[in-house]
Amino acid sequence: MLAVEMKEAAAKPVKAGGRLCCICNKRRAALKRPKTLEQICRECFYEVFEEEIHQVIVENQLFKPGERIAIGASGGKDSTVLACVLSELNRRHNYGLDLFLLSVDEGITGYRDDSLETVKRNEIQYGLPLKIVSYKDLYGWTMDEIVKTIGLKNNCTFCGVFRRQALDRGAALLKVDKLATGHNADDIAETVLLNILRGDIARLSRCTSIITGEDGPIPRCKPFKYTYEKEIVMYAYFKRLDYFSTECIYSPNAYRGFAREFIKDLERIRPRAILDIIQSGENFRISTSTKMPEQGTCERCGYISSQKWCKACVLLEGLNRGLPKLGIGRSRGLNNDRKKGTKESNAKKSIESKQCGTLDF
């Protein structure tokens, strides 16, 4: 997998006698930046890569001195580079932050158990305390058990919903002020497209925000918002960082994958396409006549939700009652009092009437 990433991400080295770095004009250029197509040396690449992230942090006031910041750590390239760069910038620019690593063990044999070993090594390498929370402890289910019940279709729905709450739960245990995630420019461009394809106006209006969840348990920030995935891979490769590169065994058919391939095709034609999509998302204006969901709290667990029951509680109760597919797709029927003369309606009603475990935020 690493070979595939580097084939796509690392530019061809400049041959002996080639061009000088366009920044320092001293050293030979060693790579071509995917973002700008500039031919630069490794030393200048490290410098501009880190400086761009520093400028994003400063201009958007992502952090304040003395804050406790959890870094969502999966062991992959994005979170590993984020941990490395934030640790370095925190020292270099005296941010005054207390940094922690926060990992979620979804319970995926042959994938997450291996990647967590990488995170444990990162804990030692960067000197950052590590906290691991697991689906099994929080929900009583592992993803392996969920897939055995639901199958390979729609399993990413369960994982995505549970993972979001698990990160918030872990952040609450660490008593941090913010959660920093490794979402990069490619991820955000993909999300813009996905929300357009799904007609999800509510998420489309906020998916490009560099800070989200300010009305929730723990605000989240994205220092890599304008950082290309290919440049993250190049930084990790040339710096010889220790990261885990295997894809999740349950995600090959994820809907997001189609948007990802489309983005990659656009990038080959026009490298700036990723930033253009993000800028388009930032400039969207939602009509004032559009009815937006009102944020409230889940009546069962207290987590932020626009419905009476949050998605995690609906999915979890469906699993516990042997009706795992009830929470898939739009869940309006699970959160209103309409009566429908179908078996599915009766099943949904029974879910509404039974309390599930609390998350106590």
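## An enclosed space

A cavity here is a set of points, on a 1 Å grid over the protein atoms alone, where a 1.4 Å probe fits but cannot get out. Its volume is the space filled by probe spheres set on the points, which are joined across faces, edges and corners. Rolling a probe the size of a water molecule over the atoms shows where empty space is left. The model you are looking at is predicted: local features need pLDDT of at least 70, side-chain atom pairs count only at pLDDT 80 or more, and totals for chains, interfaces and linings use all residues. Residues are numbered from 1 along each chain as its sequence is written, and side-chain values use heavy atoms, with hydrogens and water left out.

Searching the whole structure turns up one cavity of 30 Å³ or more, and the volume of the largest cavity is about 30 Å³. Its lining residues (those with an atom within 4 Å of a point) are Ala73, Gly75, Ser79, Thr80, Ala83, Leu101, Val119 and Asn122. Four of the lining residues are nonpolar, four are polar and none is charged. In that count, Ala, Val, Leu, Ile, Met, Phe, Trp, Tyr, Cys and Pro are nonpolar, Asp, Glu, Lys and Arg are charged, and the others, Gly among them, are polar.

## The chain as a whole

The protein chain has 14 helices and 10 strands; these are DSSP runs numbered from the N terminus, with helices (H or I) of at least four residues and strands (E) of at least two. Of its 361 residues, 50% are buried (under 20% relative accessible area, with exposed meaning over 50% and partly exposed in between, for a 1.4 Å probe and protein chains only). Among contacts (heavy atoms within 4.5 Å) with a separation of 6 or more, 69% join residues 24 or more positions apart.

## Two nonpolar cores

A nonpolar core is a set of buried Ala, Val, Leu, Ile, Met, Phe, Trp, Tyr and Cys residues joined through side-chain atoms within 4.5 Å. The largest one has 45 residues, and Phe45, Phe49, Ile57, Phe63, Val81, Leu86 and Tyr235 touch the most other members. At least two residues of this core come from each of α2 (42–59), β3 (68–72), α3, β4 (98–105), α4 and α10 (229–238). Helix α2 gives the largest share, eight residues.

A second, separate core of 37 residues includes Val133, Cys159, Ile218 and Tyr303.

## Helix α7

Helix α7 spans residues 155–174, and its 20 residues reach 28 Å from first C-alpha to last, close to the 28 Å expected at 1.5 Å a residue. That expected span is 1.5 Å times one less than the number of residues. Buried residues of α7 include Phe158, Cys159, Val161 and Phe162. Just after α7, Lys175 takes a positive phi of about 60°.

Beyond neighbours within four places in sequence, Asn195 is in contact with Asp200, Arg203, Leu204 and Cys207. Arg203 itself sits in helix α9 (residues 201–204) and is partly exposed, at 46% relative accessible area.

Terms used
On a 1 Å grid over the protein atoms alone, a cavity is a set of points where a 1.4 Å probe fits but cannot get out, and a pocket is an open set with protein on both sides within 12 Å along at least five of seven lines; lining residues have an atom within 4 Å of a point.
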